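Morning, everyone. Please look at the screen, and I'll walk you through what is there.

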Amino acid sequence: MSNYHIKSLEEYFQVYRKSIRNPELFWEEIAEEHFTWRKRWDEIFSYDFKKPEVKWYEGAKLNITENCIDRHLHIRGEKTAIIFEPNNPNEKAKHISYNQLHTRVCKFANVLKDFGVNKGDRVCLYLPMIPELAVAVLACARIGAIHSVVFAGFSAAALSTRINDCDAKIVVTADGGFRGAKTIELKPIVDKALKDCPNVETVLVAKRTMAEVKMKKKRDKWLKPLLSKAYNDCFPELMDAEDPLFILYTSGSTGLPKGMVHTTAGYMVYTGYTFKNVFSYTEDDVYWCTADIGWITGHSYIVYGPLLNGATTVMYEGVPTYPDNGRFWKIIEKHKVNQFYTAPTAIRALAKEKIEFTQKYNLSTLKVLGTVGEPINEEAWHWYNENIGKKKSPIVDTYWQTETGGIMISPIPYVTPTTPTYATLPLPGIQPILMDDQGYEIKGNQVEGKLCIKFPWPAMARTIWGNHKRYKHTYFSTFKNNYFTGDGALRDEVGYYRITGRVDDVIIVSGHNLGTAPIEDAINEHQAVAESAVVGFPHDIKGHALYGFVTLKVMGAGRDHENLREEINQLISDRIGPIAKLNVIQFTNGLPKTRSGKIMRRILRKVASKETTNLGDTSTLLNPEVVQEIIDNAIS
Ligand code: PRX
């Protein structure tokens with residue numbers, strides 16, 4: 001039996017049972033056999049979900065970059081670690097070997113040190129998908145600085161909120177980035193953000209678009225000359241197992257984004273282990289995940305998971321539709337990709353296009369297909385299976401979250417029989433349970449409830465940066481002694497899990513988590529707006545899209561509604577980013593409210609989804625008359 005690479009269903013059940021019966025032994029063997037430690041742990045794990053406090057491999061000393069890079073050098077030094085595929089198909093791809101990655105990471109780490117970055121300091125990375133981003137992530141980890149990557153599609157306001165929340169004193173960015181036919185300016189966004197961030201002392205700027213940018217004296221520095229002068233070796237900082245590795249912000253149902261804190265040893269072991277199994281990765285495979293490193297998928301399964309296994313990982317700068325809808329498939333052919341991991345929203349968008357786009361390319365190298373980020377509908381699953389996998393490559397529908405650090409529920413390819421729309425079975429070490437609204441566990445099969453995890457796993461986020469109370473409240477207070485995911489799920493007759501979607505006020509649009517409250521806050525900033533409520537509704541390509549109900553201070557008072565809609569979306573774009581723009585905005589005289597003044601979102605969700613025949617009980621409403629008005633004026 002191999003703990004590390006499961007090869008049959010029987011083995012999966014054996015390994016799973018072992019991981020539950022004897023988690024200490026299970027996680028000890030994996031840590032011992034597959035990772036490099038400077039000092040061994042004293043205890044495999046300890047936890048108390050009441051506090052909550054979770055620790056893995058306490059007492060151990062290590063550096064994750066030694067595991068991602070150094071230990072491979074003598075056997076895989078010349079092997080390609082990262083293939084960078086530029087946005088423009090005519091620009092040559094770059095192959096970065098493990099040796100080169102080592103040098104680049106060390107040089108970058110030395111530059112950070114020269115600017116006074118020490119162990120525990122936070123470094124904000126606001127970069128496009130260029131190799132410097134992966135290098136910067138690893139450079140931070142090399143010296144024990146905590147990286148906080150902010151997706152380069154976020155606005156200046158969203159960036160400054162995140163920089164201030166974690167009190168980063170240094171920002172790494174680029175002049176701009178290429179995404180499809182668009183050139184995105186990044187440096188001006190950083191400049192705008194930093195007007196609200198008095199503590200940032202240094203901005204390091206990579207060159208990508210060659211756009212002319214303003215450099216602020218003393219604060220802003222071009223990266224390239226600094227890197228070329230930097231020494232090419234850097235001793236890896238010795239980290240404690242529970243030292244923070246990174247902070248990554250995710251939307252919550254309310255208020256500020258949550259800075260999820262991931263720590264070193266547990267995250268390393270879990271991402272390395274799950275990468276190997278979920279993608280059935282073997283030496284010399286070429287693996288490609290299309291996510292952006294600004295999201296958790298990119299952290300765990302573009303950078304850390306693959307490099308921990310000495311893999312070759314593809315980083316693609318652009319979008320699936322540039323220069324045409326065949327780009328993904330062209331890249332698979334070009335780099336002979338074996339494992340391909342993407343989001344259902346991309347699959348749905350490409351499935352709408354002419355089938356010739358997929359047929360033109362040789363996809364025969366593919367062995368495993370993955371999806372992540374939202375439920376995959378049956379139609380998209382079949383399209384992916386037939387046209388991309390040619391019914392030969394198993395699809396792994398991987399369920400997990402920013403908070404979980406790594407994949408939680410997923411088939412293991414060539415091991416777990418797949419069923420469309422099912423994430424299937426928990427990975428070893430993961431103990432999911434379903435709960436009812438009264439807080440009791442729902443046992444047995446063919447049941448549906450709220451998805452919790454009842455036992456700790458190595459990669460779980462340990463806290464919310466600067467707000468442990470919120471961590472406790474968000475994840476450990478709804479169901480006592482359990483981690484609550486915020487998702488609903490059903491368990492079928494054979495014990496397979498199917499994720500049914502969020503049960504809170506988080507909406508997943510094109511695979512991106514968006515909290516309704518920050519969007520409503522942005523809308524309410526408009527001087528003409530009295531109040532607003534945002535809900536999700538099903539959308540062919542995005543999975544869900546956003547529908548805003550807005551009441552104006554003076555309804556219909558001579559304002560052009562089309563202009564108002566544009567202004568509202570512009571505000572959302574400025575405060576959060578274009579990903580949070582509303583698809584539909586309906587102006588209304590009022591919002592349905594309970595007697596205690598709470599907006600009845602259930603009704604609004606039904607209106608937005610055009611399910612108005614059965615609205616449920618509306619008798620408790622303060623203002624039942626607005627419901628009919630809202631239905632009559634609903635926008636299709
Ligand atoms: O609702 C679930 C959905 O995405 C949420 C987590 O989003 P985020 O933290 O941005 O991480 C996304 C990438 C890991 C979950 O709470 N989700 C993620 N994967 C799936 C999914 N829903 C259904 N099926 C999935 N495979």
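I'll take a pair of helices, then another helix, then the ligand.

One thing to keep in mind: this is a predicted model.

Start with the helix pair. Two packed helices are described by the angle between their axes and the distance between the axes. Here, helix α1 covers residues 9–21, and helix α2 covers residues 23–34. Their axes are 5 Å apart, and the angle is about 115°. Angles of 65 to 115 degrees count as roughly perpendicular. So α1 and α2 are roughly perpendicular to each other.

Which residues in α1 and α2 meet? From α1, we have Val 15, Lys 18, Ser 19, Ile 20 and Arg 21. From α2, they meet Pro 23, Leu 25, Phe 26 and Glu 29. Sort that contact by class, and you get five nonpolar residues, three charged and one polar.

Next, helix α10, residues 296–308. How many of its residues are buried? The count is 13 of the 13, so α10 is largely enclosed by the rest of the structure. Now step just past α10. There you find Gly 310, with a positive phi of about 65°.

Let's look at individual atoms. Thr 398 uses its backbone: a polar atom there is 2.7 Å from a nitrogen atom of the ligand. Arg 502 uses its side chain, with a polar atom 2.7 Å from a ligand oxygen. Asn 513 also places a polar side-chain atom by an oxygen of the ligand, at 3.2 Å.

That's my tour. Over to you.

Technical notes:
Residues numbered from 1 in each chain as written. Predicted model: local features only at pLDDT ≥ 70, side-chain atom pairs only at ≥ 80, totals over all residues. Heavy atoms only, no water. Axes fitted to C-alpha atoms, helices over the stretch in contact; angles between N-to-C directions. Helix = DSSP H or I, 4+ residues; strand = E, 2+ residues; numbered from the N terminus. Parallel < 35°, antiparallel > 145°, perpendicular 65-115°, else oblique. Contact = heavy atoms within 4.5 Å. Nonpolar A, V, L, I, M, F, W, Y, C, P; charged D, E, K, R; others polar. Buried < 20%, exposed > 50% of the residue type's maximum accessible area, 1.4 Å probe, protein only. Polar contact = N/O pair within 3.5 Å; in protein donor to acceptor, adjacent residues only side chain to side chain.
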